[in-house]
Amino acid sequence: MTAANTESQPFNRSRQAREAEVMLDHLVDDFSDNPAAMAYFYDLFRRVYIQGERLDQPDAPQVGMTCIQAPEELIRAFGATPVRLCNGAYHYDQVGADFMPAKSCSLVKATLGRLHDQDNGVPRVGKLDLIVNPSTCDQKKKAGVMMEEMGYPVHDLEFPNVKESEAARVYWQRSVRDFAVRLGKLTGKRLTRKRLNDAMALTRRAQAAFRAIHNLRRKGPSVVLGKDIFLVTNAYFFDDLARWTEAAEALVAELRAREAAGFNAAQKKAPRILFTGSPPIFPNLKLPLLIEEAGGVVVADETCSANRMLYDMPVVDEWLVDHMVDSLADHYLKPCTCPIFTRNDDRRRRLLDLVRDFDADGVVYQAFSGCQVYEMEQRSVAKTLNEAGIPMLYIETDYSPDDMGQLSTRIEAFLESIKTRKRQRAGGQA
């Protein structure tokens with residue numbers, strides 16, 4: 001197809017729009033009793049991913065982020081707009097495959113593929129004035145040079161390999177301060193206590209709404225399905241934060257009403273699943289979708305596209321700018337359970353806590369093919385869960401839809417084994 005024909009084709013007939021439409025239709029139409037408050041999010045994804053609508057962005061520099069470890073409050077405090085660039089489209093995965101090794105992670109290939117399509121990349125957020133690239137992933141680190149070759153200015157945000165030592169903490173604080181200097185040069189603005197405090201307050205309200213949703217999923221019956229929560233958190237990547245927060249608060253109010261009425265969004269004896277590993281990013285929500293189509297319910301997750309996004313707010317000892325920046329850096333380092341760290345003790349403890357707190361019956365562990373850190377950590381995670389008597393299903397996959405049938409069979413068998421296990425336990429107790 002020629003460039004002229006590509007330009008004349010309506011966006012909603014493009015491959016990336018069709019891919020998004022198929023997934024969104026599954027999420028909306030194949031499930032009954034969707035929360036009314038989810039209409040905002042369904043409509044948002046339809047407008048942005050299927051119709052190609054440009055988002056209304058403030059007249060401010062756009063700062064792309066390749067990882068959640070980039071402090072978004074700092075970006076907002078300088079009057080810029082943070083936009084997370086992680087992409088879940090198989091279409092962009094294929095575009096990225098033209099200049100990435102075949103065995104690269106789908107997420108990295110899709111992110112680069114989306115950046116390569118500068119004019120039509122979705123979400124359409126306008127010109128990126130800077131990309132901040134935290135060194136949390138070896139493939140993303142190397143991809144930073146490719147981004148520069150595409151014409152994007154890139155700031156490498158250096159992340160430590162450990163988080164337990166004071167040296168690592170100081171190293172990271174220095175990296176965040178250097179990032180603040182770069183943002184000041186980009187925007188021409190000075191970081192003040194008021195600007196940083198206002199930015200932190202904006203995020204604090206969003207975190208409160210997300211935490212309320214998180215807590216409402218703790219016990220049965222399930223008031224909402226996991227496929228909707230992944231959509232909500234994916235919207236956080238690109239939506240206006242104030243608008244997103246209002247929509248999330250409306251969802252909280254509806255879920256509380258459901259809880260009071262004893263409403264159950266899942267089947268009565270649906271296995272409760274904790275999801276972990278490589279992040280489900282729209283439109284690649286195939287694994288959570290398959291779990292809930294097979295009769296399970298994702299009640300919690302430990303991924304960087306959902307519950308690792310919004311930690312508790314920073315604890316500030318002295319409300320001076322330098323102290324606030326250092327506290328913000330600590331806030332992003334200390335609770336992080338990214339597998340990039342040399343040791344993963346915190347992540348294994350976190351998973352056990354989530355299983356207990358959310359009464360999960362089993363764990364589904366997703367690893368994108370080529371994502372070595374998640375692939376390597378699954379052994380120690382499986383050992384920890386096995387010792388605690390918690391069943392785990394490990395799935396290595398990518399963005400291709402070709403393995404949907406095989407994955408569906410494996411998931412159905414895993415859920416059935418959980419049901420059998422519960423029946424046996426109930427029989428033994430009787």
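Start by selecting strands β5 (residues 272-277) and β6: the two run parallel and are joined by 5 bridges. Keep in mind that this is a predicted model. Now pick Leu274 and look across, where Ala300 in β6 stands opposite.

Next, jump to Phe282. Along with Leu231 and Trp244, Phe282 touches the most other members of the largest nonpolar core, which has 105 residues. Leaving out residues up to four places away in sequence, show what Phe282 touches: Ala20, Met23, Leu24, Leu27, Phe45, Tyr49, Gly88, Ala89, Leu231 and Asn234. Another core, of 31 residues, lies apart from the largest one; to find it, select Val63, Leu191, Met200 and Phe341, which are among its members.

Back to Phe282, this time for its ring. Select Phe45, Tyr49 and Phe238 as well, and you'll see a cluster of the four linked by ring pairs.

The count of aromatic pairs comes to 13. For a pair to zoom in on, take Tyr40 and Phe41: the ring centres are 5.1 Å apart and the planes sit at 90 degrees, so this one is edge-to-face. Colour the two by accessibility before you leave. Tyr40 is partly exposed, at 24% relative accessibility, whereas Phe41 is buried, with a relative accessible area of 0%.

Definitions and conventions:
Residues are numbered from 1 along each chain as its sequence is written. This is a predicted model: local features need pLDDT of at least 70, side-chain atom pairs count only at pLDDT 80 or more; totals for chains, interfaces and linings use all residues. Side-chain values use heavy atoms; hydrogens and water are left out. A nonpolar core is a set of buried Ala, Val, Leu, Ile, Met, Phe, Trp, Tyr and Cys residues joined through side-chain atoms within 4.5 Å. Buried means under 20% relative accessible area, exposed over 50%, partly exposed in between (1.4 Å probe, protein chains only). Contact means heavy atoms within 4.5 Å. Two strands pair if DSSP finds at least two bridges between them. Helices (H or I, at least four residues) and strands (E, at least two) are DSSP runs, numbered from the N terminus. Rings of Phe, Tyr and Trp (its six-membered ring) pair if their centres lie within 6.5 Å; planes under 30 degrees apart count as stacked, over 60 as edge-to-face and the rest as tilted.
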